[in-house]
Amino acid sequence: MGLFQFGRKIEASKEYSLSDIPIFSSLTTAEHRLIEKMARIVEFKRGDIVYHEGAASDALYVVIAGRFRLFTTARGGETTETLIFFYRGDHFGEASLLTNKPHSATAEAKRDSLVLRLDKDDFLKLIQDIPGIALHLSRALGHRLTRSEEGGGIKREVKIAALYTTNRPDGIFLFWVDLAASVVRESRRKVILIDFAPVADCYGEVFEKSKAKVFDLSQSDPTDEGAIKSCLIMDPSDFCYINVKTQGESEEQERKIGAMLSFLTYRYDFLLVRLPRDVNSIAFHSLKKSDMVYVHCDADPGELAESAEVLNQLERHYGFSRNELKVLVSGLDEEHIMSFEDRERILGHRIFSLLPDRRGQLDWYKSTLRFLSKELAGNLLGLVLGSGAAYGLAHIGVLKVLQRENISVDVIAGSSIGALIGAYWAAGYDADELERMALTIDKKTGFFRLVGFRDFSLPHLGFFKGNQVVRFLQSYLGHKTFQELRIPLKIVATNLHNSDKVVFRTGRVVDAIRASISIPGIFRPYQYRGMKLMDGGIIDPLPVRVLTDMGVKRIIAVNVLPGPKDWAERFEVQMESRREKAELASRKNIWSRTLLKSLERLSERYDINVFNVIMKTIQFMEYEMAQTWGIEADVLIHPITKNGHWAEFYDAEKFIRVGEQSTQEQLDEIKQLIAE
């Protein structure tokens with residue numbers, strides 16, 4: 001384990017910004033500075049123990065990068081039981097600090113990781129000085145890990161999610177029921193739906209009306225198991241439902257809501273709470289124990305604005321971070337009236353998910369439901385495909401192994417060539433089809449298929465217009481939009497005017513790819529909605545953060561960019577080849593020697609042509625960034641072809657084989673990640 005002084009390093013580093021960490025995201029700049037003065041970055045290697053079960057509490061740990069396992073050891077020390085995994089943005093150790101009790105489990109680094117450490121005295125001072133931290137912790141403490149009432153061991157993590165809608169309470173009731181059933185399927189754990197809203201008119205579509213019985217909180221003991229059981233309805237999908245009636249506002253009612261939720265955390269792993277429309281209802285005090293909130297609305301500008309105000313209140317009064325607030329927007333038939341970006345602007349630039357119609361868009365609805373339930377259960381598997389020109393053909397080899405092993409990817413993020421290959425796969429082309437496509441590009445025709453003489457541009461804009469590439473992409477993808485893809489996809493580009501990262505998640509997929517592959521100096525920047533966009537690899541060559549920011553816990557990243565050692569080995573291979581040619585030339589006659597020397601000089605000049613200079617310069621810088629982002633992935637694959645060149649799109653097979661081989665070598669690590 002290594003330590004170094006934290007100081008103000010975190011403030012200046014985008015990689016470790018406090019505003020990206022949920023527990024600190026709602027704090028002011030001054031409060032961030034106070035934390036910076038007290039905190040340190042601590043590095044743990046795979047297998048390091050952070051603290052042991054039974055040890056005295058000493059600090060709060062906030063995960064910056066990596067993964068940690070919390071486990072208990074059986075008597076005799078021969079077997080262990082994993083309780084929970086912690087990922088980037090999670091925190092642990094606070095329960096023992098606040099209760100002043102020894103740690104009830106052991107925390108272990110599952111891979112090389114970084115944490116932000118706040119020593120005990122500093123932590124206790126901070127929660128007194130900064131109410132926002134205490135507010136965040138109060139929601140998590142008490143149900144993340146709970147003990148059985150019978151005095152048994154610790155049970156697994158409990159998650160409480162609330163749902164609020166500005167409209168159509170019946171429609172969202174059916175969605176909430178479907179989500180509960182889907183969470184059961186994806187997690188194989190116990191789920192209860194707690195309904196604080198009046199019984200929906202569509203109740204009969206799900207449950208038998210004869211079984212309907214309301215649990216009156218004002219007249220009942222919230223910890224009376226018999227009374228609660230008498231009001232429970234068991235759905236055939238194996239989740240439970242209970243409708244809870246509240247009356248008036250009082251401290252007693254608020255206490256009962258908290259007591260009931262705490263009681264249920266001992267019996268269920270997921271508590272899904274449906275809130276009434278009245279934001280002044282006492283039921284909203286359940287948010288004090290919730291981990292996340294889903295806010296649903298229609299696409300109408302008025303409803304979007306109303307939802308934005310609700311979201312602001314949730315941030316201000318309950319301390320939720322933006323990552324803990326999930327916005328669901330219906331009304332997809334109105335997409336042509338208002339763009340995705342306009343909706344996001346009304347919502348205060350919060351990312352939202354489109355919720356398809358339950359009846360009219362069933363397949364899409366089921367796909368969205370599965371994604372949301374896996375997200376809630378923490379089971380999403382993300383795949384990040386990095387930039388690298390022809391080196392990126394190795395991504396196809398990676399996909400071949402994942403496909404062969406039936407490893408299902410839930411979301412993809414890509415830059416440049418990674419965006420292109422990721423888009424094809426997300427559109428439904430399997431790895432074998434991608435390999436056949438790549439192999440059709442040969443040395444004779446490749447140039448004309450991808451660029452061609454008609455695509456030449458004035459050099460001050462870029463050597464090629466990029467129109468031929470667009471035609472090539474459209475021959476496979478047509479005018480598909482992101483919403484039509486089989487797998488959710490995020491594509492990264494760079495805004496030339498302000499260096500902002502632009503993440504495409506809606507609109508035409510071909511537009512996003514064209515922007516993301518706009519290599520500076522080679523392709524013209526792509527004009528899109530008033531922006532001039534260039535290669536995504538310039539700002540984010542390995543967009544792991546795109547997935548971690550959306551809450552994806554398990555990430556496989558593929559970095560195909562050569563590092564300094566790889567470049568040195570390639571140069572040595574080239575020099576050895578030249579020495580062999582020089583020795584061969586020395587045995588020839590004068591005319592042959594002259595010819596061979598002329599060819600050698602041409603080869604040297606080719607190595608330093610403008611295209612090579614541009615690409616190598618870019619890739620030198622991109623490699624360093626990719627290394628930084630790669631630490632946040634759970635599995636990092638680095639397939640490198642020693643005799644490859646960035647422009648050898650006509651020699652796809654050697655890159656694909658290396659990608660396949662590298663992934664096969666790390667297959668056990670990938671399977672272990674999925675099993676966790």
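This is a predicted model: local features need pLDDT of at least 70, side-chain atom pairs count only at pLDDT 80 or more; totals for chains, interfaces and linings use all residues.
Local features need pLDDT of at least 70, and side-chain atom pairs count only at pLDDT 80 or more, while totals for chains, interfaces and linings use all residues. Residues are numbered from 1 along each chain as its sequence is written, and side-chain values use heavy atoms, with hydrogens and water left out.

**Cavities**

- Rolling a probe the size of a water molecule over the atoms shows where empty space is left.
- A cavity is a set of points, on a 1 Å grid over the protein atoms alone, where a 1.4 Å probe fits but cannot get out, and its lining residues have an atom within 4 Å of a point.
- Grid points are joined across faces, edges and corners, and a volume is the space filled by probe spheres set on the points.
- By this rule, the model has 3 cavities of 30 Å³ or more.
- The largest cavity has a volume of about 80 Å³, and its lining residues include S387, S416, D535 and E622.
- This lining of the largest cavity holds 5 nonpolar, 4 polar and 2 charged residues, where Ala, Val, Leu, Ile, Met, Phe, Trp, Tyr, Cys and Pro count as nonpolar, Asp, Glu, Lys and Arg as charged, and the others, Gly among them, as polar.
- The second largest cavity has a volume of about 70 Å³, and among the residues that line it are R46, K110, D634 and E669.
- Of the residues lining the second largest cavity, 7 are charged, 2 nonpolar and 1 polar.
- Helix α23 (residues 667–675) gives the most to that lining, with 3 residues; helices (H or I, at least four residues) and strands (E, at least two) are DSSP runs, numbered from the N terminus.

**Strand β20**

- In strand β20 (residues 411–415), 5 of its 5 residues are buried, meaning under 20% relative accessible area with a 1.4 Å probe and protein chains only.
- V411, A413 and S415 lie on one side of β20 and I412 and G414 on the other, so that both faces are covered.
- Strand β19 (residues 381–385) pairs with β20 in the parallel sense over 4 bridges; two strands pair if DSSP finds at least two bridges between them.
- Strand β21 (residues 489–495) also runs parallel to β20, joined to it by 4 bridges.
- I412 is the bridge partner of L383, and L489 in β21 is the bridge partner of I412.

**Residue S321**

- S321 lies in the loop between α9 (301–318) and β17 (325–329).
- S321 counts as buried because its relative accessibility is 3%.
- Leaving aside neighbours within four places in sequence, S321 is in contact (heavy atoms within 4.5 Å) with P22 and S25.

Technical notes
On a 1 Å grid over the protein atoms alone, a cavity is a set of points where a 1.4 Å probe fits but cannot get out, and a pocket is an open set with protein on both sides within 12 Å along at least five of seven lines; lining residues have an atom within 4 Å of a point. Buried means under 20% relative accessible area, exposed over 50%, partly exposed in between (1.4 Å probe, protein chains only).
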